[in-house]
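Visitor: Could you walk me through this model? I'd like to ask things as they occur to me.
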Amino acid sequence: MSTNPYGDHGNKDASITNPHGKGTMSPIEDTGPAVPAPGGPFLIGDTMTGGYGKGPNILHECTIAVEKGEIAVIVGPNGAGKSTAMKAVFGMLNVREGAVKLNGEDITRLSPQARVHKGMGFVPQTHNIFTSMTVEENLEMGAFIRNDDIKHTMEQVYELFPILRDKRNQAAGELSGGQRQQVAVGRALMTKPTLLMLDEPTAGVSPIVMDELFDRIIEVARTGISILMVEQNARQALEIADKGYVLVQGRNAHTGTGKELLADPEVRASFLGG
Ligand SMILES: Nc1ncnc2c1ncn2[C@@H]1O[C@H](COP(=O)(O)OP(=O)(O)OP(=O)(O)O)[C@@H](O)[C@H]1O
Ligand SMILES: [Mg+2]
């Protein structure tokens, strides 16, 4: 048995684990357990309908929400619109009906850059690092909107992902898949987001590295940062999810706590391999 506080997750792969067992990401503020804000969830993409440019609607009354400091996971078949839903929340899509609200504020019409200023950090599914730049340059680029001293945040990222400190002067493109994903997540953390959005953070990594990345994501959530994540490893992701969304053809097919979805016979049969 491991002493890992997250149960069976985690491994002893020294290239990715934090030897101190936990990072130093400082909590935003100690407000106790996550509770729905009076004005609704911390982040909600509320009954979003929309598509790309002048193209047809891809999302149909799709709703995705996450509470402060919680982990929400979007799963579903390829082409279901998971990435599209993330892009809608981040302002990269024409949301024709519905709204996106962050901390009670309607941000539906804001540009992605303006949303970063409001506290959103986004790690896209592809092209999420600058491969020819060093690890440290990637982190510096992540802090592009900040005028203050970024050293402390960079230190926190290196505490969370110690391997990045070792490789800080290496081109990010030379890193392993799992290490690159750490660069991408670290880069997004450099803006000190209150909401971290991750589109398939474990794509292309081994199950061991996946568990380790999930542990680090849980650690980030415990500092009060909300996590909205798309995952193709549905079962494992729902195990760490406070809230889960199954999307099918741009619509909400099933919604519940991670536990509820894992126990739902229909979800199991259709999306979790029985
Ligand atoms: N830039 C784009 N322009 C037009 N249509 C797009 C664009 N990106 C995605 N689509 C379409 O939107 C639909 C949903 O795609 P999306 O990438 O959101 O699915 P997904 O659930 O993330 O799939 P995957 O599991 O493969 O990542 C697909 O029909 C796709 O062809
Ligand atoms: Mg996708």
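Visitor: How should I read the numbering and the cut-offs?
Guide: Residues are numbered from 1 along each chain as its sequence is written, and chains are lettered from A and ligands numbered from 1 in the order in which they are written. This is a predicted model, in which local features need pLDDT of at least 70 and side-chain atom pairs count only at pLDDT 80 or more, while totals for chains, interfaces and linings use all residues.

Visitor: What is the mean pLDDT of the protein?
Guide: The mean is 89, with 86% of the residues at 70 or more, where pLDDT is the predictor's confidence in each residue, from 0 to 100.

Visitor: Which residues surround ligand 1?
Guide: Among them are Tyr52, Asn78, Lys82, Ser83, Thr84 and Gln125, a residue being near if its C-beta atom, placed from the backbone, lies within 6 Å of the molecule.

Visitor: And helix H1, is it buried or exposed?
Guide: Helix H1 (residues 82-90, a DSSP run of H or I with at least four residues) is largely enclosed by the rest of the structure, because eight of its nine residues are buried. Buried means that 20 or more other C-beta atoms, placed from the backbone, lie within 10 Å of the residue's own. Lys82 and Thr84 are among those buried residues.

Visitor: What follows H1?
Guide: Gly91 does, and its phi is positive, near 90 degrees.

Visitor: Switching topic, how do S6 and S7 pair?
Guide: Strands S6 (residues 120-123) and S7 (residues 195-199) pair in the parallel sense over four bridges, strands being DSSP E runs of at least two residues and pairing requiring at least two DSSP bridges. Val123 has Leu198 as its bridge partner in S7.

Methods: Buried ≥ 20, exposed ≤ 12 C-beta atoms within 10 Å, placed from the backbone.
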